[in-house]
Amino acid sequence: MLAPLPPTLAALLATHPLETRPEGSRLLSRGQPSAQVLYLESGRVVLGIAGNASSHGELLEHQLGAQLEPGWLDATAAVLDLPAAMDAVAETVVQLRAVPLPAFRAALADARAPAGSVLLDVAYAHRQQTELAVSRLAKDAEARCAEWLLRHAQNSEQGVCSVQLQQRKRLIAAQLGIAPETLSRVLRNLRERSLISGSGRTVNLVDPLGLRSLAGG
């Protein structure tokens, strides 16, 4: 169950109109300061590192998380007066409220007065964890995909090394911390380089040694 908002923040939200943003909208830009703090009312937002835009809007090259319940988007950045730690993209049509940063910080100061140092400690810890997760994306998508294929490979009685994709690509991509579109592109590239073959739910590992080299093993 979601914790209720402090009265000062709830009252602040009520004074700002509900806005609708389309699917594919960039809501936060990593490393960029924002003059507003966004509160998600409905819809799904994905968080990570953005890649190239498509005809459907912005896409994430690396996905680190998602938010689909009401709540602030990266309130930690606002609390610490820092730029956004990750890109945020609307995966569906979303409804949100945009609160000017000075108004948010003033209301927050009233709400946190009894436990201000605790809130700041939690915010710092959360920010450090987020920055660590982003730094781990230095290992590129192809390396992580190769590592995943090797880890799930099985040898058949005919000696064929393959992986059965029993999960949807969206779930596999989430495990790898990348967008489904990125996973499809990586698998296509691996096929073109003759490292894997096959289509549908069966992926044959044509060159396991090449995959191991790609994975850094």
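**Close-up views of a predicted model**

The structure holds 6 salt bridges, a salt bridge being a side-chain nitrogen of Lys or Arg within 4 Å of a carboxyl oxygen of Asp or Glu. This is a predicted model, in which local features need pLDDT of at least 70, side-chain atom pairs count only at pLDDT 80 or more, and totals for chains, interfaces and linings use all residues. Residues are numbered from 1 along each chain as its sequence is written, and side-chain values use heavy atoms, with hydrogens and water left out.

**View A. Asp-87 forms a salt bridge with Arg-26.** The closest N and O atoms of Asp-87 and Arg-26 are 3.2 Å apart. Asp-87 lies in strand E7 (residues 87-90) and Arg-26 in strand E2 (residues 26-28), so the pair ties together parts that are 61 residues apart in sequence. Helices (H or I, at least four residues) and strands (E, at least two) are DSSP runs, numbered from the N terminus. Asp-87 is buried, with a relative accessible area of 6%, while Arg-26, at 30%, is partly exposed. Buried stands for under 20% relative accessible area, exposed for over 50%, and partly exposed for values in between (1.4 Å probe, protein chains only).

**View B. Arg-44, Glu-91 and Arg-170 are linked in a network of salt bridges.** Side chains of opposite charge can pair when their charged atoms come close. Arg-44 forms a salt bridge with Glu-91, and their closest N and O atoms are 2.3 Å apart. Arg-44 sits in the loop between strand E3 (36-42) and strand E4 (45-50), and Glu-91 in the loop between E7 and strand E8 (94-100), so this pair ties together parts that are 47 residues apart in sequence. Arg-44 is partly exposed at 25% relative accessibility, and Glu-91 is partly exposed at 22%. Arg-170 also forms a salt bridge with Glu-91, with the closest N and O atoms 3.0 Å apart. Because Arg-170 belongs to helix H6 (residues 169-176) and Glu-91 to the loop between E7 and E8, the pair ties together parts that are 79 residues apart in sequence.

**View C. Gln-95 lies in strand E8.** The relative accessibility of Gln-95 is 31%, which counts as partly exposed. Gln-95 and Glu-19 are 76 residues apart in sequence and 5.5 Å apart in space, C-alpha to C-alpha. Leaving aside residues up to four places away in sequence, Gln-95 touches Leu-18, Glu-19, Thr-20, Tyr-39, Leu-40, Glu-41 and Ser-42. Contact here means heavy atoms within 4.5 Å.

**View D. The largest nonpolar core has 22 residues.** A nonpolar core is a set of buried Ala, Val, Leu, Ile, Met, Phe, Trp, Tyr and Cys residues joined through side-chain atoms within 4.5 Å. Cys-145, Leu-149, Leu-183 and Leu-190 touch the most other members of this core. Two or more residues each come from helix H5 (141-152), E10, H6, helix H7 (180-192), strand E12 (202-205) and helix H8 (208-215). H5 gives the most to this core, with 5 residues. Not counting residues up to four places away in sequence, Leu-183 touches Cys-145, Lys-169, Ile-172, Ala-173, Leu-176 and Ile-178. Another core, of 15 residues, lies apart from the largest one, and its members include Leu-28, Ala-88, Val-94 and Ala-98.

**View E. Cys-145, Trp-148, Leu-149, Leu-165, Lys-169, Ile-172, Leu-183, Leu-187 and Val-203 line the largest cavity.** On a 1 Å grid over the protein atoms alone, a cavity is a set of points where a 1.4 Å probe fits but cannot get out, and lining residues have an atom within 4 Å of a point. H5, H6 and H7 are the elements that give two or more residues to the lining. The largest share of the lining, 3 residues, comes from H5. The largest cavity holds about 50 Å³ of space. Grid points are joined across faces, edges and corners, and a volume is the space filled by probe spheres set on the points.

**View F. In helix H1 (residues 7-14), Leu-9, Leu-12 and Leu-13 are buried.** Seen down the axis of H1, its buried residues fall within an arc of 100 degrees, so they line one face of the helix. The arc is that of the directions from the helix axis to the C-beta atoms. Pro-7 and Ala-14, on the other side of H1, are exposed.

Notes: On a 1 Å grid over the protein atoms alone, a cavity is a set of points where a 1.4 Å probe fits but cannot get out, and a pocket is an open set with protein on both sides within 12 Å along at least five of seven lines; lining residues have an atom within 4 Å of a point.
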